[in-house]
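Here is a colleague's note to read beside the model. Please keep the sequence and the 3D view open while going through the points.

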Amino acid sequence: MTNSFRTLDDVDVKGKRVLVRVDLNVPMDGGKVTDATRLERIAPTITEISDKGGKVILLAHFGRPKGRDDKNSLKPVAAALADVIKKPVAFADDSVGDVAAEAVGAMKDGDILCLENTRFHSAEEKNDPAFVAELAKLGDIWVNDAFSAAHRAHASTEGLGHKLPAYAGRTMQAELDALGKALDAPTKPVIAIVGGAKVSSKIDLLENLVTKVDALVIGGGMANTFLHAQGVKVGKSLCEKDLAATALRIIDKAEASGCAIILPVDAIVAFHFAANTPSHAYGLDAIPDEGMILDVGPQSIERINSAIDDAATLVWNGPVGAFEMTPFDRGTVAGAKHAAARTKAKKLISVAGGGDTVAALNHAGVADDFSYISTAGGAFLEWMEGKPLPGVEVLKK
């Protein structure tokens with residue numbers, strides 16, 4: 001897929017000022033980074049440009065500040081990044097203007113500089129042409145390595161691609177390769193597992209997937225809405241009853257597209273939404289009126305695993321039960337471990353993404369065994385929905 005995008009293979013960075021858009025939106029506690037995954041992901045792009053004699057100028061946002069706010073400064077993140085890449089990372093107290101220009105002007109080939117939070121300027125999110133021009137003055141080329149922000153048409157995530165020669169960084173390249181193999185040009189048959197609480201947040205996703213995949217497993221609270229639409233009594237389970245017609249429309253669309261919809265055939269039911277509360281497996285014809293479906297049952301786990309066995313490619317977004325609470329994590333963990341084993345046996349290409357999904361796969365202890373895990377939230381979802389991503393479109397040859 002990345003044959004259609006410009007990458008670092010297409011440019012000589014030596015002596016160039018390289019504006020690199022990265023994702024530094026990492027979890028912090030007490031001024032310390034608590035999870036460096038995103039920093040580790042961008043390290044290859046930064047070190048490659050630096051080692052080849054490019055001047056690396058990092059652009060990023062942090063949080064949702066309304067103007068300058070020290071709580072959202074990138075300074076502590078830049079220090080944590082230096083620890084990860086084992087190279088010094090200088091810091092400039094602004095992303096444009098004299099402060100930024102002086103810091104860039106002082107750089108030698110191979111140096112790395114992090115500019116302050118681009119969102120301290122409201123013009124960043126407005127993709128203001130004047131602000132784009134100010135940023136563009138600081139660089140000779142622009143590298144986008146922030147797939148997670150590629151669904152936003154902001155100055156540093158998309159606007160710069162119209163002002164400077166634009167290239168995909170290595171993280172972006174890996175993401176586009178993995179996603180291309182998953183849905184755009186997959187090895188068939190393709191199965192998708194989609195879970196999570198609400199159908200309302202994933203209507204576009206489901207509508208797109210049923211036209212792309214051979215089988216779609218629906219789990220989590222979303223499944224209850226589909227079961228209700230088919231006349232199953234779901235007791236006091238989370239259920240968007242007003243979306244019954246939408247669920248039936250998606251089922252009809254799947255049938256017309258030749259996509260099998262796989263719903264739970266049994267469920268783990270409890271009477272309280274709490275960890276380790278007493279629970280039992282019930283058939284769908286016997287869900288108690290006061291009960292809540294909190295996970296798929298053992299027969300449903302077998303069906304999911306059988307569907308994974310039949311697939312050559314798996315795309316996963318969202319847990320199939322309330323995985324944050326034992327024992328309602330069993331369905332998600334069983335499916336994740338089965339997919340991981342098939343992947344390790346080279347029988348499956350497995351791509352997963354979305355915040356809850358990454359947390360669930362980490363919980364199952366198999367995140368490292370999937371073919372690719374996207375740390376992007378909204379961008380991964382919009383890609384699964386079939387929407388063009390501004391920060392990706394601008395990189396096309």
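1. **Ground rules.** This is a predicted model; local features need pLDDT of at least 70, side-chain atom pairs count only at pLDDT 80 or more, and totals for chains, interfaces and linings use all residues. Residues are numbered from 1 along each chain as its sequence is written, and side-chain values use heavy atoms, with hydrogens and water left out.

2. **Helix 6, length.** Helices (H or I, at least four residues) and strands (E, at least two) are DSSP runs, numbered from the N terminus. Helix 6 covers residues 170-184. The expected span is 1.5 Å times one less than the number of residues, so the 15 residues of helix 6 should span 21 Å. The end C-alpha atoms of helix 6 are 20 Å apart, which agrees.

3. **Helix 6, burial.** Buried means under 20% relative accessible area, exposed over 50%, and partly exposed in between (1.4 Å probe, protein chains only). Helix 6 is mostly covered, with 11 of its 15 residues buried. Among them are R170, M172, E175, L176, L179 and L183.

4. **Salt bridges, overall.** Side chains of opposite charge can pair when their charged atoms come close. A salt bridge here is a side-chain nitrogen of Lys or Arg within 4 Å of a carboxyl oxygen of Asp or Glu. The structure holds 18 of these salt bridges.

5. **R68 and D93.** These two form a salt bridge, with the closest N and O atoms 3.6 Å apart. R68 sits in the loop between strand 4 (55-59) and helix 2 (75-85), and D93 in the loop between strand 5 (90-92) and helix 3 (97-105), so the pair ties together parts that are 25 residues apart in sequence. R68 is partly exposed at 44% relative accessibility. D93 is partly exposed at 45%.

6. **K387 and D204.** Their side chains meet in a salt bridge at 3.3 Å, N to O. K387 lies in the loop between helix 13 (378-384) and helix 14 (390-393), and D204 in helix 7 (residues 203-209), so the pair ties together parts 183 residues apart in sequence. K387 is partly exposed, at 34% relative accessible area. D204 is partly exposed too, at 41%.

7. **R249 and E207.** The closest N and O atoms of this salt bridge are 2.4 Å apart. The pair links distant parts of the chain: R249 is in helix 9 (residues 244-257) and E207 in helix 7, 42 residues apart. R249 is partly exposed at 42% relative accessibility, whereas E207 is buried at 16%.

8. **A network.** Salt bridges that share partners join D9, E48, K52 and R170 into one network. R170 is also one of the buried residues of helix 6.
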